[in-house]
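User: I would like to go through a structure with you. Could we look at its metal site and then at some backbone details?

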Amino acid sequence: MEWLGLQFVTELPESGQVILNCTHDPVLVLVAYLVACAASFATLDMAERVGHAENPGARRVWRWIGGACLAGGIWAMHFIGMLAFQAPIEIHYHLPTTLFSLLIALLASALAMHTLSVAQPSLARCLRTAVVIGLGIASMHYVGMAAMQSSATAYYQPSLFGLSIVIAVGASFAALWVAGYLREGSGVAHQVLKYVAALMLGAGIISMHFTGMAALQLVLPDGAAPTMAVETSHLQLGLTVALIILLILGSAISAAMADKKLQNKEHDLRRVNALLSQLDQARMSLQQVANYDALTNLINRRGFNQLFAEKLSQKASEGGMLAVMFLDIDHFKRINDSLGHDAGDALLKVIASHIKSSVRSHEDVVARFGGDEFCILISLRDREEARNMAQRIMLKMKEPIELAGRRMVMTTSIGISLFPHDGSTCEELLKHADLALYQSKGAGRNGLHFFSPSLKTRASFELQLEEELRNALREEHALMLYYQPIFELKTGRVTKLEALIRWQHPTHGLLTPDRFIGIAENNGLIAELDNWVLRRACKDLGELSRHGCEDLKIAWNCSPLNLAREELADEIESALRTAGVAPERLELEVTENALMGNIANTLVLLRQIRALGVSLSIDDFGTGYSSLAYLKRLPLNTLKIDRSFILDIPTATADMEIVQAIIVMAHTLHLQVVTEGVESLEQYEFLERSGCDFIQGYLLSRPVPLDELRPVLEEINQRKPSHAVNPLSLAHGTFAPMSLDPSPKNPAPHAGASVVRPIR
Ligand code: C2E
Ligand code: CA
Ligand code: CA
């Protein structure tokens, strides 16, 4: 240790005199302590910054600043501590050695800051580093001491010397550990802890220095006399150095504080940004929910309207054509009613994918508007493109779909409107496509129609008609019943009448039901209308009884929609009771499709009606989808073969075979058979031969009003004796129904028929 000028007390020379009255200036000691504390605080602060800095550049800068603060602080503390040292000898300092001590301080501090920048150094690493730093600080101290030049020789007491090194290592370890602990956290408690730690670390550093000083013993050679303490400017110098270093440390701390604030602000900003983007995402997913149909994943009406508006304004400015295509799945309600809503939903999904696969995925927009209604928006060059696509969809739709263990084939009705021909606004084009769809449905479904201006006229006409029908239902004489005789072949007499509604319209004349039943059904008027017919028919039955026709039955037509109303049975009972008519004289006619639509519910209602004593007839038989199994379950009395099977008899042999088969089947099920639409003698003869029970048609009579009915009935009944019809006599014209025969080419002469004028 000779090179450092370190001589230990164990080596105290034989001769010489130990200077005993070495003192320290208390002010400078205090200043040195403050500097040590400030340096400790600054170092902890910088370590915290290193831990929080987000980019490596900033981390490096704070590490250097921290290192400089620590080195500068310790060295300044040491320097001020040395200035505080007062001994009765003249002391000078060797500048290069002093600077070298500063260099050591810098190296030790750099090492300290490097360890502090590691997120969570292990205990072993902390200890290792603390030893190196402690040795560094001690080296700085003793190198600094070695810079001291005076007439005395410095000797050190080994125990205190060792203790000073232990304190240096201990203080270093404490610094590393506390800094790691203080790295995270914020708030007042954290700040207070940092101050306490700084005071303790400052105490540690200064303790090391003064333990080192306590180990120092200055020995003057024999004969050398101690000088009197001279007035020096150590205090001033010490204060100046302290001021400079404190200013430097203060600036570093301020910079750290500013950085912290800036970083907090950045964090806040980032948090706000994250919050904003979360809000944005929430808004987008809300929009997604609002604009999409959850079942099919297609956009819904809302989403469609937005896209439609955008595309329309684009086409309006750039030019080009658009087609709006409305799709309605035919008889979808039947699936829901018979197989349940889950099956209905599954079917809608398949249909949606069928539609999607038939359009051009990028350009065309497919939406579900709710229920079984879909809408497609297509950019195109000509109208044929729209037709082709519609046909493609219709074809795709006919592919069999497996559902609930069944294979079904669905069809669709389509209505198309075109931009710019059929309208310039979204509302107009949608309305027109809807009108065209209505046309497709009206034309028997499974077809496509383009919008045409005549549809619009028709629609507004129907709107007006609906209003007028509403009023007609409240008037006494606007609606009336016509009766068409039903001739029983076995007895050769008219035993039944079918009640058929007519509307005496003030401007359009007498309207047949096909012009207004649909309007009534679509606008919630059908229950009222059918109830009106029921009550009027019951009243007329009473009237007929008074005129000697007590045995005549009346067949009353009931809309499929009415079959869904539970109160129907009560209404029938009430109508019969009010009119005082036996229930056996009333027959309810329901179409085949109406019966099959919702078989389970209908069955309950029909049984109630049958229990009243009212008979049941299945109308338009052969046009629907009834199965024998269902027919067997229904409480039916009569089966009416649809007019379409009779139309081409006797030319169509296939039809003749079908009619014969239906008659046999009906009889097997113990049902009586009525054939309607019989217009010719050949048809009559054929039906009689085939075993048909009843005949109805223009051959006998057109429907007539009640007050014209009696002569018609009398005439028909007189034409044949009341026993069974003789085919031969018919063949020879003795039956002679021709007097009333109004074949379509030769309309009936009586008023009831001739005033019926269809409106188009
Ligand atoms: P529907 O029940 O099939 O009635 C038979 C229709 O065929 C009647 O037409 C009748 O005039 C017509 N018809 C009868 N014999 C012949 C014939 O030989 N040749 C031709 N070409 N036609 C014949 P209408 O009175 O126009 O009734 C049409 C449909 O309107 C009825 O078909 C029925 O479904 C419905 N309807 C009639 N009255 C009512 C009613 O009061 N309520 C309900 N809901 N529907 C009714
Ligand atoms: Ca009928
Ligand atoms: Ca019919």
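Predicted model: local features only at pLDDT ≥ 70, side-chain atom pairs only at ≥ 80, totals over all residues.

User: Which residues coordinate the calcium ion (ligand 2)?
Analyst: Its donors are Glu-498 (OE), Asn-557 (OD1), Glu-589 (OE) and Asp-619 (OD), at 2.1 to 2.3 Å. Along the sequence these donor residues follow the spacing E-x58-N-x31-E-x29-D.

User: And where do Glu-498 and Asp-619 sit in the chain?
Analyst: Glu-498 belongs to strand β17 (residues 493-505) and Asp-619 to strand β21 (residues 615-621). The two are 121 residues apart, and the pair links distant parts of the chain.

User: Are Glu-498 and Asp-619 buried or exposed?
Analyst: Both Glu-498 and Asp-619 are buried.

User: Which residue bridges the calcium ion (ligand 2) and the calcium ion (ligand 3)?
Analyst: Asp-619 does, and the two ions lie 4.0 Å apart.

User: Changing topic: where is the cis peptide bond with omega of about 10°?
Analyst: That bond joins Phe-419 and Pro-420. Pro-420 is in the loop between β14 (412-419) and α12 (426-442). Another cis peptide bond, with omega of about 15°, joins Ile-649 and Pro-650; Pro-650 is in the loop between β22 (638-641) and α20 (653-668).

User: What is phi of Asn-446?
Analyst: Asn-446 is not a glycine, although its phi is positive, about 50°. This residue lies in the loop between α12 and β15 (448-450).

User: What about His-670?
Analyst: His-670 also has a positive phi, near 60°, and lies in the loop between α20 and β23 (672-675). His-670 counts as exposed because its relative accessibility is 70%, over 50%.

Methods:
Residues numbered from 1 in each chain as written. Chains lettered and ligands numbered in written order. Heavy atoms only, no water. Donors = N, O, S within 2.8 Å, 3.2 Å for Na, K, Ca; no water. Helix = DSSP H or I, 4+ residues; strand = E, 2+ residues; numbered from the N terminus. Buried < 20%, exposed > 50% of the residue type's maximum accessible area, 1.4 Å probe, protein only.
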